[in-house]
Amino acid sequence: ASVLRLERHVLTRRLAAGEDVHRGLLDELYLPPSDEPPEELSPQGGRGSGPPNGVASRGEEGAAPAVEGCPLPAGSQEPVPGWGSQEDVDGSQELLALPQNRSRTASELLLSRRLYFAELEVSEQFYQSHNRLLKLLLATYGCVAAHSELLCYFVIILNNMVTASVLSLFLPILVFLWAMLSIPRPTKRFWMTAIIFTEVTLVVKYLFQFGFFPWNGYAMLVRNEGKPFFPPRILGLEKTERYIKYDLVQLLALFFHRSLLLSYGLWDHEEDPFPKKKAEVEQAEDEEEEERREEAAPSPPAVGEEGTEAALAEPGAPGAATEPQGDVTGQEEGPSTTQLRFRRKRRRGMKQPEAVVEEEVGEEEEAEEEEDGEEEEATQSHAQKKLKALGLRLKLLFLTTVQDTYRPVRGFFRAILHTQHRAATDVYAFMFLADVVDFIISIFGFWAFGKHSAAADITSSLSDDQVPEAFLVMLLIQFTTMVIDRALYLRKTVLGKLIFQVILVFSIHFWMFFILPAVTERLFSLNTVAQLWYFIKCIYFSLSAYQIRCGYPTRILGNFLTKKYNHLNLFLFQGFRLVPFLVELRAVMDWVWTDTTLSLSNWMCVEDIYANIFIIKCSRETEKKYPQPRGQKKKKIVKYGMGGLIILFLVAIIWFPLLFMSLVRSVVGVVNHPIDVTVTLKLGGYEPLFTMSAQQQSIQPFTPQDYEALTKQFERQPVAMQFITLYGYEDIVTARIEGSSGSLWSISPPSRQQMRRELQNGSSAITLRLTWTFQRDLGRGGTVEHTFDKHTSTLQPGAPQRLELAQLLQGTRDTPVQVPKLFPKYIRAPNGPEANPVKQLLPDGEDSYLDVEVQLKRERVRSGRGGESFLEWWVVRLKDAPPPDGSILPMVIFNDKVSPPSLGFLAGYGILGLYVSIVLVVGKFVRGFFSEVSHALMFEELPRVERVLKLCQDIFLVRERGELALEEELFAKLLFLYRSPETMIKWTREKD
C-alpha cells in the first residue's frame, strides 16, 4: 500500500507540472540502482539516482526530473544485487513480465529509498495524529471503496429482495452471469448497462405513479392487496409510497463505484497484461502509416457498377470505412505508452470488421458482375441499382449487428474457458457451507414454503409419520444440487460448472419470484424465511462465479479441514466424522468421480489411515506447543482440570436419572392440577348407578390455612407427615363432588327386574365398584392425560345392604342404604396412569375409607297426553356429614409435579428407563474408550508421523497428476508399512 501511495504521489506531481505521463516512467523504477556513491545523488534524481520514496522506493533509474526530494543519509541505503544491463531487456513492459529479474520486495524497496518527501511524511504524521474512532471510520471507508463492486452487488440483490418484481430481477441475473464472471473485472459496458437500466426504471416507475391509470385507483389497490400476481405489482409498477427508495440507493452505489473507477483510471482504460515487443509495435506503426497514406491518396469517383461501392463508403453509412486514428499518446513513446481506449480508437475497432465484410460483399459483387455480362448491365435501370445497393446495405447492417453481438459473447466465454492466466483457488468448502445453511433453513422453516403455514408444521407432520410431498421434493432437489456440485468439483470441469451456474441461476430466480408466490399465495417481500434462503443462495452464486472465474485447483489433496494441525481443525474434523453417513458418502463420491486404480475398499482404507494420521499429527503438534520435561510430574492444573472434569462427567452420568427426576419434582417441575374429576358408582355389570363430575369451579386449590390444618391433623403420625412434606399447598386441591348424579338412571325394565332378583335371591356375591378418573392438560406438561383407579366393595349373599337395595328398586323403601368403607378421601395423582389412595394418610387401609349412604330418588312427572311417568336418579353422600356439606363428596388430591413439555421426552422414561437407555449406553461407550486402547496402541502412539503423512499426501498427489501406476505402488508401500511393525517403528522414530 505504501509503494502504491508513493507512486501515485510522483505521478500526480508530474501531471500537475503539465508533463507527459507514460508507463515507462514507472517501468524504469524497476531497474537496478547504479554503483555511484550516494553522496553524488542529485535531489532531482538523475539517471544514476537511487530510488525515491515517492516512487515506491523501487530503485529508480532515470526518474522523473519533476520529482523533488531530499537524499536520505547513506546509512539508509541497502545494497541490492544487480540485474544486469538495461540493454538486455527489451522495454519496460517485458521487465514487468519477467519476475525473475526483480530481486527485491516492496519492504526491501522501502528500506532502500534514497529520496525524502516532506509532504508525504507530513501526511503520514497527520494521519497518525487522528483518534481511533476517526481511523476506524477512514479504514471502513477504505474497505468499502476497495470493494465498491461488492457494495453494488449487495444493493442490487437487496433491491431485488425488497421489490421482487420483473424490473428488479434483470440486474441480479446480469450480476451472477456477467459481472461476476468477467475477467479480470466487469467491463464498462456492464456498469453503463446497470446505470442506464436503473435510470430508465426510475423514470418508468415515476410515470406509472399518476392516479389516472385505472390500476392505481383506491378500489383496485384494495381489491388486489396481498395478491402477488397483480400485474402492476409483479412488473414493479405498483403505486406505493416508497416506490423508488431502493432504486435511488442502487443508483447512488453505482455512481459511487463509477467515480472510483474514474479516479483510478479504469473507466476507459484497457491494459494489456503482456504488451507487444518493440519490433512488433514498430511494424504495426509502419502498417498504420502505409494505410494512412493510401487512404490520403485521391480516388476517382465510382460510376456505373462502382456506384454500389461508392454508396457503401458514404459517411455515416453502416460499415463505411473511416480513416484509422493513431494513438493519442504518440508513437515516440514505444511500447511503454499507456493505451487509452478513446472514442476514436473504439470507433475504429468497431468498424474494422465492417470493412472486412465490405470487402467480402465487393468480391461477391464482382463475381455477379462477371456472370451477368455487359448486356444485363445495360438493361438495368438506375432505380434498380439503387434498390440493389439498399439491399446490400441492409444485409451488411444485419451481418455487422450479428458479428458485433456474437464476437463479444464468444470472447466472453473464451476468456472464461480458455484463459491462460488463472489464479486457481478453492472455495468449495464455503459453497458447501452455504448449501448446508440453506438445507437447514428449508428443514426448520418449511412452513414458509407451503400454502397453509399452520398445517405445514414439519415437526407435527413427521411425528404423525407423514412426509409432505413439497417438503420431500425441495430437500431432494437441494441434495441433488449438492451432489452435482461435488461431482463438478472433483472432475474440475469449468464448462460444466458454468452450465450448471446458468441453469441454477435461472431456475432459482424463476422458482423464488414466480412459482413460490403462486404456491404460498404470499408476497416474496413479506416472506422472511424465503428472503433469508435467497440471500444465502446469492452468496453461493457469488462463490460459484468466483470459482468459475479463477478455475478449479489443479490438486485436491485430502479434506479441507486437514490443511492445518491445530485444535480448531481437529475438533471440526472430529465433528465432521460424527455426522452419520457423511464420511462414507463423501468417500464413495470421491471414488466415483476421481480417476484411480484403487478399489473402493482400498480407497476407504487410505481415507481411514489419513484421518487417523491427521489426528495423531494434531496431538503431536499440541505436545510440541506445550512440552512436558522428562522426569517431571504432571501439573495439578492438568490433573484437576482434565481428571476433575472426567470425574464430574462420570458421576453425573451415574446419578443422572435420580438427579433429573428430583429436579423435575422440585425445581423445573410444573404443577398441573386436574381439570376434570369424575366419580362413578356401579353395581355388578348393570348400568352405573351414580356418575358425577367436578369441573374447574368445583376443584378448589389448597390454601396455606388448609395445609396447616392438614398437618395438625396428622402431626402425631410420622409416616403421614413425611408424605405431606413432599408436597406444598400449591400441589394439593380439593374436588367437591356433588352428591346427586349428573344423569338420570336410564335402565331398561328387564334389567331392573334382573338386578332386583339377583339382590334378593342371588346365591353369589355382587360387587359395588367406585371409580374415579382425573384429566389433565398436556399443554402444561406431563405425558399422561387421564389418570384413574377404583375401589371394589363385595356384597356377600344375605348381606343387609343387598336386601335394602332391592327394596329401593322395588319402591318399598325411601331411606338411604348405608355402605361401609367405600369412599377414600385422600388420592395421589402421580405422573403415571394410576391414581392410588394415599396409604400414608389411610393407616388402616380400606378400613380408613369413609362410609356413604346411597339413595334412589324418584319424581313423578306428567306426560303430554295426560299420563304420568317417573324420573329416577341416585344420590350418594357421606354418612354423618354436617348439614352444609351433607350432599358433597370431598376428595383431597395430591398432585405430583410434572416435567415441562421441553423435558417430557426424558421424564416419560422414568428412573429405570433412564438407567437402561442412557447410563448403560454411555457406560458401554466409555468402557470401550478406556479398555480397548491396547489393541490400537501400535498405530496410535506414533512419535513422528510426518513421513507417513507425506506418503498419504503423495498418493493424493500422483493420483491428481494421473500417475496411476505410481499410485498403486505407493498404496502397496503404505499397506506394507502397516503390516510391518518394525518398518513402522523405523519410519516414525524421533530424529537423533
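In what order do the four strands of the open sheet come, and is their pairing parallel or antiparallel? The order is 4-3-7-8, and the pairing is antiparallel. Strand 4 (690-694) and strand 8 (786-795) are the edge strands, each pairing on one side only. Averaged over the sheet, neighbouring strands are turned by 10° against each other, direction ignored; the axes behind that angle are lines fitted to C-alpha atoms, for helices over the stretch in contact, with angles running from 0 to 180 degrees between N-to-C directions.

Some housekeeping. This is a predicted model, where local features need pLDDT of at least 70 and side-chain atom pairs count only at pLDDT 80 or more, while totals for chains, interfaces and linings use all residues. Residues are numbered from 1 along each chain as its sequence is written, and side-chain values use heavy atoms, with hydrogens and water left out.

The protein chain has 36 helices and 13 strands. Those are DSSP runs numbered from the N terminus, H or I of at least four residues for helices and E of at least two for strands. Of the 992 residues, 37% are buried, meaning under 20% relative accessible area, with exposed over 50% and partly exposed in between (1.4 Å probe, protein chains only). Among contacts in the chain with a separation of 6 or more, 75% are between residues 24 or more positions apart; contact means heavy atoms within 4.5 Å.

Back to the sheet. Strand 3 (residues 676-683) and strand 7 (residues 766-775) run antiparallel and are joined by eight bridges. Two strands count as paired if DSSP finds at least two bridges between them. Leu681 stands opposite Leu770 in strand 7.

Next, strand 13 (residues 888-895). Eight of its eight residues are buried. Ile888, Pro890, Val892 and Phe894 point one way, and Leu889, Met891, Ile893 and Asn895 point the other. Strand 13 pairs with strand 6 (residues 732-738) in the antiparallel sense over seven bridges, with Ile737 opposite Leu889. Strand 13 also pairs with strand 10 (residues 826-829), here in the parallel sense over four bridges. Ala829 has Asn895 as its bridge partner in strand 13.

Now the aromatics. There are 34 aromatic pairs in the whole structure. Rings of Phe, Tyr and Trp (its six-membered ring) pair if their centres lie within 6.5 Å; planes under 30 degrees apart are stacked, over 60 edge-to-face, and the rest tilted. Phe190 and Trp191 have ring centres 4.9 Å apart and planes at 70°, so this pair is edge-to-face. Phe190 is buried at 1% relative accessibility, and Trp191 is buried at 2%.

Tyr489 and Tyr552 are also edge-to-face, at 6.0 Å centre to centre and 65° between the planes. Where do the two sit in the chain? Tyr489 is in helix 19 (residues 469-491) and Tyr552 is in the loop between helix 21 and helix 22, 63 residues apart. Tyr552 counts as buried because its relative accessible area is 8%. Leaving out residues up to four places away in sequence, Tyr552 touches several residues, including Ala424, Leu488, Lys492 and Gln547.

Last, charges over rings, which requires NZ of Lys or CZ of Arg within 6 Å of the ring centre and within 35 degrees of the ring normal. Lys537 lies over the face of Tyr540, 4.7 Å from the ring centre. The charged end of Lys617 sits over the ring of Tyr565, 5.6 Å from its centre.
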